Amino acid sequence: MLLKSSGVKSFDISKWAVKEAWEKVKANRGAPGVDEETIAQFEAGLKGNLFKIWNRMSSGSYFPPPVRAVEIPKGPGRGIRILGVPTVADRVAQTVVAAMIEERAEPVFHPDSFGYRRDRSALDAVAVCRRRCWESDWVVEFDIRSFFDSVPWPLVVKAVQAVCDVPWVVLYVKRWLAAPLELPDGTLQSRDKGTPQGSAVSPVLANLFLHFAFDMWMAREHPGVRFERYADDAVIHCQSLAQARHVLAALDGRMTEVGLELHPDKTRIVYCQDSNRRGKFEHTAFTFLGYTFRPRKADGPRGRFTSFSPAVSKEALKKMGTTVRSWKLHTRVDLSGRDLAQWINPVVRGWMHYYGAFYRTALHPLLARINNYLMRWTRNKYKRLRGWKAAVQGWERAVTLRPDFFAHWTWASHPTPR
């Protein structure tokens with residue numbers, strides 16, 4: 001579907017770019033913004049809605065509505081995270097701009113930057129980090145305190161202009177940065193810094209800002225020191241404790257220089273201890289992209305040894321466990337086995353793909369827990385299988401006949417023994 005033109009416009013914005021942005025927004029789904037319009041409702045008047053976005057953006061008259069603030073608990077005792085949910089139309093407009101910035105920025109990004117880039121993923125970053133932990137003895141793990149709430153606007157705009165000095169891109173970036181938040185009680189909160197997590201343009205703005213604030217600074221001031229960065233999550237590899245201390249001190253100063261602050265409780269130097277690295281150090285583990293790196297037992301040609309390797313973090317396991325518990329599978333006797341499989345398989349398969357990429361046996365207790373719920377469902381649903389022995393026999397038959405019926409059965413096909 002093409003959008004009809006309407007006279008001469010101030011900015012040359014492709015109609016196809018708006019249509020392609022809509023396709024991305026639709027695929028990502030998401031909740032309504034302040035106007036409460038859903039994806040389905042927007043699509044019902046698609047032609048007119050897309051024309052309106054293109055027409056206003058092309059004429060320079062597009063002004064973003066407030067962003068709906070949604071409070072997301074970080075976890076027990078860790079407070080809340082504020083996500084900003086733009087309207088569907090605003091997500092389309094943001095996606096148009098984000099695509100333009102990404103196209104211009106991709107050729108200049110650092111090779112050790114992995115976040116929100118084509119043909120790169122978080123698992124790629126974890127794999128590179130694992131290899132470098134074997135090659136270097138020390139890691140600087142750092143966390144930027146409230147990064148998305150603190151990033152200074154003038155430097156964000158400067159970063160955008162450095163790679164994409166397109167007038168309409170810069171104009172709309174400035175407008176999105178200044179868009180107020182609509183709080184749960186309906187009041188509007190103005191802002192003077194930060195870019196809300198949850199908006200379509202925020203990831204590329206954050207990535208671009210840190211390209212100049214961190215990546216290029218590292219390449220300039222500490223050439224040869226390697227790192228992996230995925231958005232605002234990063235680790236630095238050092239050859240010695242002295243080097244790690246020097247880099248960390250310099251990094252602290254750099255963050256202050258660009259208007260940010262390292263989180264004192266989440267920033268530390270870590271010793272990558274294994275069978276070949278002697279001595280002790282206060283910290284011998286760190287978490288990166290949902291994986292905890294620490295000394296782990298492994299099998300090699302010469303027998304058992306200790307390797308410094310990643311596996312799913314306790315925090316990620318706890319979050320997945322909470323999701324499994326919320327399903328209450330054992331009570332869903334109204335559903336068939338096929339219904340259950342169609343419901344949970346996409347989620348579990350995603351967990352296996354991501355968290356099972358390294359040291360996948362760490363996932364097995366979680367998968368066995370899912371089987372425990374399924375066993376309880378079996379015994380609740382079928383009277384003839386309520387006895388434990390009969391239930392086990394029925395389970396064995398099911399696994400033998402359909403070993404991949406549930407996605408996780410390919411890795412863990414039995415519940416925890418009684």
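In which loop is aspartate 119 found? In this predicted model, aspartate 119 sits in the loop between α4 (88-105) and α5, where its phi is near 60 degrees, a positive value in a residue other than glycine. Aspartate 119 is exposed, with a relative accessible area of 81%. Alanine 231, found in the loop between β6 and β7, also has a positive phi, near 55 degrees, and is likewise a residue other than glycine. Alanine 231 counts as buried, because its relative accessibility is 3% and buried means under 20%.

**Overall architecture**

The protein chain contains 14 helices and 11 strands, and its C-alpha atoms fill a box of roughly 75 × 60 × 40 Å, taken along the principal axes. Of its 418 residues, 47% count as buried. Among contacts between residues at least 6 apart in sequence, 68% join residues at least 24 apart.

Strands of a sheet pair through backbone hydrogen bonds, in either a parallel or an antiparallel manner. Here four strands form an open sheet in the order β6-β7-β3-β8, and the pairing is antiparallel. The edge strands, each pairing on one side only, are β6 (227-230) and β8 (268-271). Neighbouring strands of this sheet are turned by 20 degrees against each other on average, with direction ignored. Four bridges join β6 to strand β7 (residues 233-238) in the antiparallel sense, and phenylalanine 227 has isoleucine 236, in β7, as its bridge partner. Helix α5 (residues 122-135) packs on the sheet, where it touches β3 (138-142), β6 and β7, and its direction makes about 160 degrees with that of β6.

Rolling a probe the size of a water molecule over the atoms shows where empty space is left.

| Space | Volume | Lining by class |
|---|---|---|
| Largest cavity | about 70 Å³ | seven nonpolar, four polar and one charged residues |
| Second largest cavity | about 30 Å³ | six nonpolar, no polar and two charged residues |
| Second largest pocket | about 380 Å³ | 10 nonpolar, three polar and four charged residues |

The largest cavity is lined by residues that include Val67, Gln94, Trp176, Leu177, Arg191, Ser202 and Leu205. Two helices, α8 (167-178) and α9 (202-221), each supply at least two residues of this lining.

The second largest cavity is lined by Phe142, Ile144, Leu210, Phe214, Arg229, Ala231, Asp232 and Met255.

Helices α12 (337-355), α13 (364-381) and α14 (388-401) each supply at least two residues of the lining, and α14 gives the most, with five residues.

Conventions:
Residues are numbered from 1 along each chain as its sequence is written. This is a predicted model: local features need pLDDT of at least 70, side-chain atom pairs count only at pLDDT 80 or more; totals for chains, interfaces and linings use all residues. Side-chain values use heavy atoms; hydrogens and water are left out. On a 1 Å grid over the protein atoms alone, a cavity is a set of points where a 1.4 Å probe fits but cannot get out, and a pocket is an open set with protein on both sides within 12 Å along at least five of seven lines; lining residues have an atom within 4 Å of a point. Grid points are joined across faces, edges and corners, and a volume is the space filled by probe spheres set on the points. Ala, Val, Leu, Ile, Met, Phe, Trp, Tyr, Cys and Pro count as nonpolar, Asp, Glu, Lys and Arg as charged, and the others, Gly among them, as polar. Two strands pair if DSSP finds at least two bridges between them. Axes are lines fitted to C-alpha atoms, for helices over the stretch in contact, and angles run from 0 to 180 degrees between N-to-C directions. Contact means heavy atoms within 4.5 Å. Buried means under 20% relative accessible area, exposed over 50%, partly exposed in between (1.4 Å probe, protein chains only).
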